[in-house]
Amino acid sequence: ESGDTPGWFIFTHQMVRQAIYTSLSTTERASLHARAASGLEQLLSESNFDNAAEISSHWQRAGISGDMGHAATWALRAGKQALAVFSYESAFRSFKQALEAGNQLNDPDVQSSAMAGLGRSLGPLGRDAEAVDYLTQAFDRYVESNDIQKAVKVAQVMFTGSSGQIAMAPIYERALALEGLSASDAAKIKA
């Protein structure tokens, strides 16, 4: 235990930390991850996502002891943060975690957001077919829930390669046929 802060531990070597960690029961580890995630959430302001991936990871590892809603929220934040700095592999991992949490929660909003994020992260990685598949699923879900703005955002995803653009053509056409589509949104889709 650290002499400066009660309840905090400093390990002299990674192997010592790992030995102690593996000696804990699954329930104890999950409880510690939930406490760590909750503590990190309290330290961060809503606008500071620097540790979003770490918080998401703790909530995921907390499992049943944790709150999958928190895990999904932080995974989505981490994915968006990674996209903003062009870290597509990290974005992919975070959105995949968000989708898993959304599936466990059976939450269509989380699932749709995660699918849209997966599509946005896979395109730049050259995985156009997978990207278009996720984007199509997200688009369909948004249209079904009558969330036209989010459906339009999905339709505005651009690909650098022609194969992605060609595969997105049906989504572009369907988006242009949506009721309530503004002229500026239509122009962005056509661009």
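Modeller: Axes are lines fitted to C-alpha atoms, for helices over the stretch in contact, and angles run from 0 to 180 degrees between N-to-C directions. The model discussed here is predicted.

Biologist: How are helix 5 and helix 6 oriented, roughly parallel or roughly antiparallel?

Modeller: The axes of helix 5 (residues 88-105) and helix 6 (residues 108-122) come within 8 Å and cross at roughly 160°. Angles over 145 degrees count as roughly antiparallel. Helix 5 is therefore, relative to helix 6, roughly antiparallel.

Biologist: How many nonpolar residues does the contact of helix 5 with helix 6 have?

Modeller: On the helix 5 side the contact includes Phe-92, Phe-95 and Leu-99, and on the helix 6 side Val-110, Met-115 and Leu-118 are among the residues met. By class, the contact has 5 polar and 2 charged residues, and its nonpolar residues number 11.

Biologist: Is Val-152 buried or exposed?

Modeller: Val-152 lies in helix 8 and touches Leu-178, Leu-181, Asp-185 and Ile-189, leaving aside residues up to four places away in sequence. Its relative accessible area is 2%, and the cut-off for burial is under 20%. Val-152 is therefore buried.

Terms used. Residues numbered from 1 in each chain as written. Predicted model: local features only at pLDDT ≥ 70, side-chain atom pairs only at ≥ 80, totals over all residues. Heavy atoms only, no water. Helix = DSSP H or I, 4+ residues; strand = E, 2+ residues; numbered from the N terminus. Parallel < 35°, antiparallel > 145°, perpendicular 65-115°, else oblique. Contact = heavy atoms within 4.5 Å. Nonpolar A, V, L, I, M, F, W, Y, C, P; charged D, E, K, R; others polar. Buried < 20%, exposed > 50% of the residue type's maximum accessible area, 1.4 Å probe, protein only.
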